[in-house]
Amino acid sequence: MTRTIEINPVTRIEGHATVNIEVGDDGRVAGACMHVLEFRGFERFVKGMQVELMPTLTTRICGTCPHAHHLVGAKTVDKVFGVTPPRAAVLLRELLNCGSMIHSHAIHFFALAGPDLLLGLNAPPAQRNLLGLLDAAPELATKALRLRTLGQRICEIVGGRGTHPVTAVAGGMSAALKSDSCATLRGIATEAVGLAQVAVAAGKAALGKHEDLLTILPLEVHSLGTVRDGRLDLYDGTLRVCRPDGSVAADFPVEEHRQRFFEEAVPYSYAKQLRLRDGAGAGVPYRVGPLARLNCAERIDTPLAAAELEEFRSRFGRPCHLTVLNHHARLIELLHCAEKAVALLADDEIASPNVRAPITATPRPAAAHIEAPRGVLIHDYDVDPNGIMRGANLIVATQHNMSSINASIKDMAQLALEKPDADLLNHIEFAIRCYDPCLSCSTHQVGSMPLAIAVTRGGRPVRTVRR
């Protein structure tokens, strides 16, 4: 007989999801999957829109990573109109992306995943959260929240709004950076570097206390990330696929994404699943995000983060397949983005009034990508000669990661299957949070979402757990 375990909903992630775990007669986990309960509607209702509205419209997809959708929307519209933004506009866009990364990485590590590591995976759920972290380590939590605020402040100044930015437009940016804003941003970025170093040290210490957790979720799959001349680039560059042995399988422009990926709808979830084409008709699983990006990049071009990357690789190797170390990789990127913000603001060109190029070309279909906090984000727009949207394909990081998330859930379920109810819940959610999934790149589920685990045998319920 088989039994099914249901976790509904998964907590401390962005969005709503349920997990089902199927256990076979031999007591081993036969399968596991995460059901994304939100219906994706944006590709449908953008039809008929003016393409130049896409950078602001797509920010409404998600309140956690609107900046990434805003920026990749603008990059795609640039290509639709065949325009190259001035260098000052590109610098401002990169700065906005740095602010987004600082904000997202800080809030994920310390508010979502950090409580598991800093307070202990077996701490009571009522304590294992941001409020519990504020009680247990008030100075660290305060600095973490300040770091999150600094990232958001960069987004507000450069993006015009903190949550739904508006300044990136076709051909560049809608306005130049004011001199007083530039001075303010330099102070913010400098402070962020100092706090990011504190965050990295605290994160490494927390991970060091749980050496048993670091190696429990190995997953040898391909990695996908963005590189420019081999170095990590979070705004633009070439998409790189690395094999599990670390060798480069392919470097390709985003325009080839249809030839490189399978996109498929799965019967148990509203989220599409992607796999890499391998030439033999089968799809190859892979992952995106901080750990995958570090696996793909040969180096980082900011000194403090580069030193952290060297230490990381000396200890864990390259490529690294330990899923839990996504948290460590995320902190290295956090430090890199703070340093990058300082470097961008040190370039006098960023304050140039020349921030937008004129549009003269006839619109044509185009695709672009960016590294969102959770991984590669692709926008692909089909437009008519009048610039009206005929269709769109929006490929978010969690879709790239779906097969890997399910594999990690299955591995963790096997390790924690005989644990008490609360511990089983904690361990499965811990595995999912390693990927920092963002499910609201689709419309939101409406209504109450109680937490429940249902165990069935032969189709009959034998165990129910609620929280």
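This is a predicted model: local features need pLDDT of at least 70, side-chain atom pairs count only at pLDDT 80 or more; totals for chains, interfaces and linings use all residues.
An open sheet is built from three strands in the order β14-β15-β16, with antiparallel pairing. Here strands (E, at least two residues) and helices (H or I, at least four residues) are DSSP runs numbered from the N terminus, and two strands pair if DSSP finds at least two bridges between them.

As for the ground rules, local features need pLDDT of at least 70, side-chain atom pairs count only at pLDDT 80 or more, and totals for chains, interfaces and linings use all residues. Residues are numbered from 1 along each chain as its sequence is written, and side-chain values use heavy atoms, leaving out hydrogens and water.

- β14 and strand β15 (residues 375–383) run antiparallel and are joined by seven bridges.
- Opposite His369 stands Ile378 in β15.
- Helix α3 (residues 66–80) packs on this sheet and touches β14 and β15, contact being heavy atoms within 4.5 Å.
- The direction of α3 makes about 155° with that of β14.

**Strands β10, β11 and β12**
- Four bridges pair strand β10 (residues 261–264) with strand β11 (residues 273–277) in the antiparallel sense.
- Phe262 has Arg275 of β11 opposite.
- β11 also runs antiparallel to strand β12 (residues 283–284), joined by two bridges.
- Leu276 has Val284 in β12 as its bridge partner.

Key:
Axes are lines fitted to C-alpha atoms, for helices over the stretch in contact, and angles run from 0 to 180 degrees between N-to-C directions.
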